[in-house]
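Hi,

Here is the structure I promised to hand over. Have a look first, and then read on for what turned up in it.

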Amino acid sequence: MAQGREAELREKYVSGVKTEVAIARARADVAAVHAELLREGLALPMGGSVSGKVPKADLFVITPAGMPFAEVAPENLVLCGLDGEAVPGTPGSELAPSVAAAGHGYVYRHMPAVGGVVHTLSPYASAWAARGEEIPCALAVVAEEFGGPVPVGESALGDHDALGHAVVDVLAGRRARAVLLRGQGPVAVGATAREAASVAGQLEGVARIVQLAQDGGLLTSLPQSAVDRLYEERHAHEPPQADRPAASKQPLRQLNTATKTKTSR
Ligand SMILES: O=C(CO)[C@@H](O)[C@H](O)COP(=O)(O)O
């Protein structure tokens, strides 16, 4: 790319000291999230992607393509515009962003309250995604955290833009802040990358517990009235719904009465 054009693009995206500081902060946070996911056993050595939006800028930083999570550092994260294209001339721009970058950008464009997206291949949540099975709302913590069963989304495998569409289609305007992409794995969102990672951790925990319960026999989903009460209590002290990621109107699939879920084994 010609130097003039490169400078013009850099000026367009990266102007002002505040933005520079915000980018540096996003780089540090997102790099730390990669390390934390590995430490907590929530990630494979490689695979999946994590991004964090730069507040008040149409920019985000994301995992470089094909890079083991253990090697991710603030300076090799790729700074992208919301179209998922790397910003030339910035640290990390010599690397390609994750193939999922356009999908992450789509989420930021369509869910303005979201500031972090985590697609991590944590074992139990990924196993539910591999089966394309929603996680039943059989425990209070599932109701509190996700406001109902953890939903499944359709990902067109190989079409990485589809990750963004699937996340937005399932989560926008809903309670849940995580979706199990069929045949791909879980994606969690939050106001920041750290918050999205925390949702991914809760998701993995409930995926494991409900799997253990299901292995033991029939599951009973909580009645809808209890799900609603538990969710509302847990989120009562958060900002108004419009400012919350994936703010809720209704859970994706309502269970009006206590239902028995037949186990798959
Ligand atoms: O999304 C997944 C798996 O679900 C990843 O494994 C990506 O396919 C890896 O691509 P890069 O992020 O390395 O480009």
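Which residues surround the ligand? They are Gly 47, Gly 48, Ser 49, Thr 63, Ala 65, Gly 66, Ser 98, Val 99, Ala 100, His 119, Gln 184 and Gly 185, where a residue is near a molecule if its C-beta atom, placed from the backbone, lies within 6 Å of it. By type, this shell divides into 3 nonpolar, 9 polar and no charged residues.

The model is predicted, and local features need pLDDT of at least 70, side-chain atom pairs count only at pLDDT 80 or more, and totals for chains, interfaces and linings use all residues. Residues are numbered from 1 along each chain as its sequence is written.

Now the overall picture. The protein chain has 8 helices and 9 strands; these are DSSP runs numbered from the N terminus, with helices being H or I of at least four residues and strands E of at least two. Of its 265 residues, 46% count as buried. Buried here requires 20 or more other C-beta atoms within 10 Å of the residue's own, exposed is 12 or fewer, and partly exposed is in between, with C-beta atoms placed from the backbone. Taking contacts in the protein chain between residues at least 6 apart in sequence, 69% join residues at least 24 apart. Two residues are in contact if their C-beta atoms, placed from the backbone, lie within 7 Å.

Next, the core. The largest nonpolar core contains 71 residues, and Val 167, Ala 178 and Val 179 have the most contacts inside it. Such a core is a set of buried Ala, Val, Leu, Ile, Met, Phe, Trp, Tyr and Cys residues joined through C-beta atoms within 7 Å. Helix 7 (residues 193-216) gives the largest share of this core, 9 residues. As for Ala 178, its contacts beyond four places in sequence are Phe 146, Val 150, Pro 186, Val 187, Ala 188, Val 199, Ala 200 and Leu 203.

Is helix 3 largely enclosed or exposed? It is largely enclosed by the rest of the structure, because 8 of its 10 residues are buried. Those buried residues are Ala 101, Ala 102, Gly 103, His 104, Gly 105, Tyr 106, Val 107 and Tyr 108. Their cover includes strand 1 (49-53), strand 2 (59-62), strand 3 (78-81), strand 4 (116-119), helix 6 and strand 7 (185-190).

Helix 3 (residues 101-110) also packs against helix 6 (residues 161-171), at an angle of about 30 degrees and with the axes 6 Å apart. The axes are lines fitted to C-alpha atoms, for helices over the stretch in contact, and angles run from 0 to 180 degrees between N-to-C directions. Ala 102, Gly 103, His 104, Gly 105, Tyr 106, Val 107 and His 110 make the contact from helix 3, and Asp 161, Ala 162, Leu 163, Gly 164, His 165, Val 167 and Val 168 make it from helix 6. Together, the residues of this contact are 7 nonpolar, 6 polar and 1 charged.

- Val 30 is found in helix 2 (residues 17-39). It is buried because 26 other C-beta atoms lie within 10 Å. Leaving out residues up to four places away, Val 30 touches Val 50, Ser 51, Gly 52, Val 61, Leu 77 and Ala 193.
- Lys 53 belongs to strand 1 and counts as buried, with 26 C-beta neighbours inside 10 Å. Beyond four places in sequence, Lys 53 is in contact with Phe 60, Tyr 108, Gly 115 and Gly 116.
- Lys 56 sits in the loop between strand 1 and strand 2. With 10 C-beta neighbours inside 10 Å, Lys 56 counts as exposed. It has a positive phi of about 60 degrees although it is not a glycine. Most residues other than glycine have a negative phi.
- Gln 211 lies in helix 7 and is partly exposed, with 16 other C-beta atoms within 10 Å. Gln 211 and Trp 128 are 83 residues apart in sequence and 8.5 Å apart in space, C-alpha to C-alpha.

Cheers

Definitions and conventions:
Ala, Val, Leu, Ile, Met, Phe, Trp, Tyr, Cys and Pro count as nonpolar, Asp, Glu, Lys and Arg as charged, and the others, Gly among them, as polar.
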